[in-house]
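Have the structure open while you go through them.

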Amino acid sequence: MKFYVSAKEIKRVVAVTKSAGKTTAPADTIVGRRVSNRTVVALGIVLLLGFVRVAVLVVESSAACSTFDCVGSTFFGGGDANLKLREELTRALTEANDGNNANEGGTLSFNELVKVLASKQDLKAFAFKTKATLSQMEREVQSARKKESLNWHIASHGVPKGLHCLCLKLAEEYTVNAMARSRLPSPLHVSRLVDPTLHHIVLLTDNVLAASVVVASTVENSANPGRFVFHVVTDKKTYTPMHTWFAINSINSAVVEVRGLHQYDWSKEVNDGVTEMLETNDLIWKHYYNNYKEKELEDNEEDNRYLEALTPSTLSLLNHLRFYIPELFPDLNKVVVVDDDVVVQKDISFLWEVDLNGKVSGSVFKSWCENSCCHGNKYVNFLNFSHPIISSNFDCDKCAWLFGVNIFDLEAWRRSDITNTYHYWLKLNMKSGLTLWNPGVVAPALIAFEGEVQPVDSSWLVTDLGYEHRSEEEMSNSLERVEGAAVVHFNGPAKPWLEIGLPEVRTLWNRYVNFSHNFIRKCSIIE
């Protein structure tokens, strides 16, 4: 029997029986069964959708399934196909994760991974290839992050060509210009160096340009600049250019003293203590340097501390001499010690009026965040509380105070045992295998000054301008606080005189740099 469908309007279907070489109709006669247009159209749509469904399932099954059972379940199981496919993929990936196929290499790109999927029908083999690819990508990302951290570390602690040029120009000027060699301060103002009624600021630095910004910004924003006396302490190599700068660039009303470490005549006891301090910190630096070379560091907070321990400041005598301020200035009773990466935007005379309640230091605690102490600024972030010596002596939730701008009552310091305490804990940390605290100068300072720090109102100080902000909201909030701050501190790697300095806040520092100065122009120090 055959079916014939008439082409004309598709209105008739005829069933014909062929028998013994001749065509016959059914027993009665040829019957014409008429079918309506609507029915035929509906039937065509159903057949078309069915064909598409079958085609899609065939393609999906051939790509996703490793067995004919899977393909069959896709055809006949409908919704169970995705579940079965997911189970097979999970099983294959689990086997790949548990297996050790070290010889399996990863693909170089996503397109190559797709080609592997198209060429291999075995899910397990594909899972191993995917695992190898992801592992390779993870290693490359970690390597790139480590290199980024190392490059950032190098960039943040290098000496820019312009600053090096400036020191050379100033040193040359010292030899040819009598004014550059003139006494600082002038004989008329020498008595002011020990006047207890004046505001004495101590600055330990080997950065000429940074020192000039600290002094210029303080004087420019002071209501009475004549009351300020700046004691700039530097190393022997920087003494000549530092002296030249302040000798040829007079400061209105204020007094500036520049002294080199080679000009101090300390007692044998102090010399022995300083030498021991430097030798200990040198051993600490070598320890972390050797570990850094041997260890596969990752991009996380713990391993980045190795880089912090390798900063040049850890070996700088100027950085550690903050524990010897009373010995540096035996004739002074009260000073404010500032870092060279601060900018003063308002009059800070009020700092000398702060009541320290008999404590040695008055410092800002990073407590303007929620829960009274900002994240990452508690003792637990600096000290190793898994060590019984630390856990039995200190409170892990205590908020740490900040370096940058610190008030010191030198009379109270001399009555205390802070410097000896510092040396004691340095030795104890060495005996404990450097396990008592994280690298850096903050942790031993917290211990040495424990119980001797008076909290100071934090509304006048903004910190962390040397760190890259993670979001526009954080930057917006920071800039709002900057506008009302008396002092801003560029603590962090992105110093404003470096190329990596953040442009959003660098202008706060640049406004106090004399870019019209002849030496600065010759050294191409630009905004």
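1. Start at Cys523: with a relative accessible area of 6%, this residue is buried, because the cut-off for buried is under 20%. Keep in mind that this is a predicted model. Cys523 is bonded to Cys165, with an S to S distance of 2.2 Å. The torsion about that S-S bond is -75°, a left-handed link.

2. Cys373 is in the loop between β10 (361-364) and α13 (388-391), while Cys399 is in the loop between α13 and β11 (405-409); the two are 26 residues apart, and the bond links distant parts of the chain. Both Cys373 and Cys399 are buried.

3. Don't pair up Cys167 by eye: Cys167 takes part in no disulfide, and the nearest cysteine sulfur, that of Cys523, is 8.9 Å away. Its relative accessibility is 21%, so Cys167 counts as partly exposed. Cys396 is partly exposed as well, at 28% relative accessibility.

4. Now the rings. The count of aromatic pairs comes to 15. One of them is Phe228 with Phe230: the ring centres are 6.3 Å apart and the planes are at 20°, so the pair is stacked. At 0% relative accessibility Phe228 counts as buried, and Phe230 counts as buried at 2%.

5. Stacked or edge-to-face: which is the pair of Trp401 and Phe403? With centres 4.9 Å apart and planes at 75°, the pair is edge-to-face, because planes over 60 degrees apart count that way. Trp401 and Phe403 are both buried. Ring pairs also link these two into a cluster with Phe323, Phe408, Trp413, Tyr422 and Phe449.

6. Two arginines deserve a look beside the rings. Arg322 lies over the face of Phe403, 4.2 Å from the ring centre, and Phe403 is a member of the cluster in the previous point. In the case of Arg259, the charged end sits over the ring of Tyr264, at 4.1 Å from the centre of that ring.

Note on methods. Residues are numbered from 1 along each chain as its sequence is written. This is a predicted model: local features need pLDDT of at least 70, side-chain atom pairs count only at pLDDT 80 or more; totals for chains, interfaces and linings use all residues. Side-chain values use heavy atoms; hydrogens and water are left out. Rings of Phe, Tyr and Trp (its six-membered ring) pair if their centres lie within 6.5 Å; planes under 30 degrees apart count as stacked, over 60 as edge-to-face and the rest as tilted. Buried means under 20% relative accessible area, exposed over 50%, partly exposed in between (1.4 Å probe, protein chains only). A charge sits over a ring if NZ of Lys or CZ of Arg is within 6 Å of the ring centre and within 35 degrees of the ring normal. A disulfide is a pair of cysteine sulfur atoms within 2.5 Å. Helices (H or I, at least four residues) and strands (E, at least two) are DSSP runs, numbered from the N terminus.
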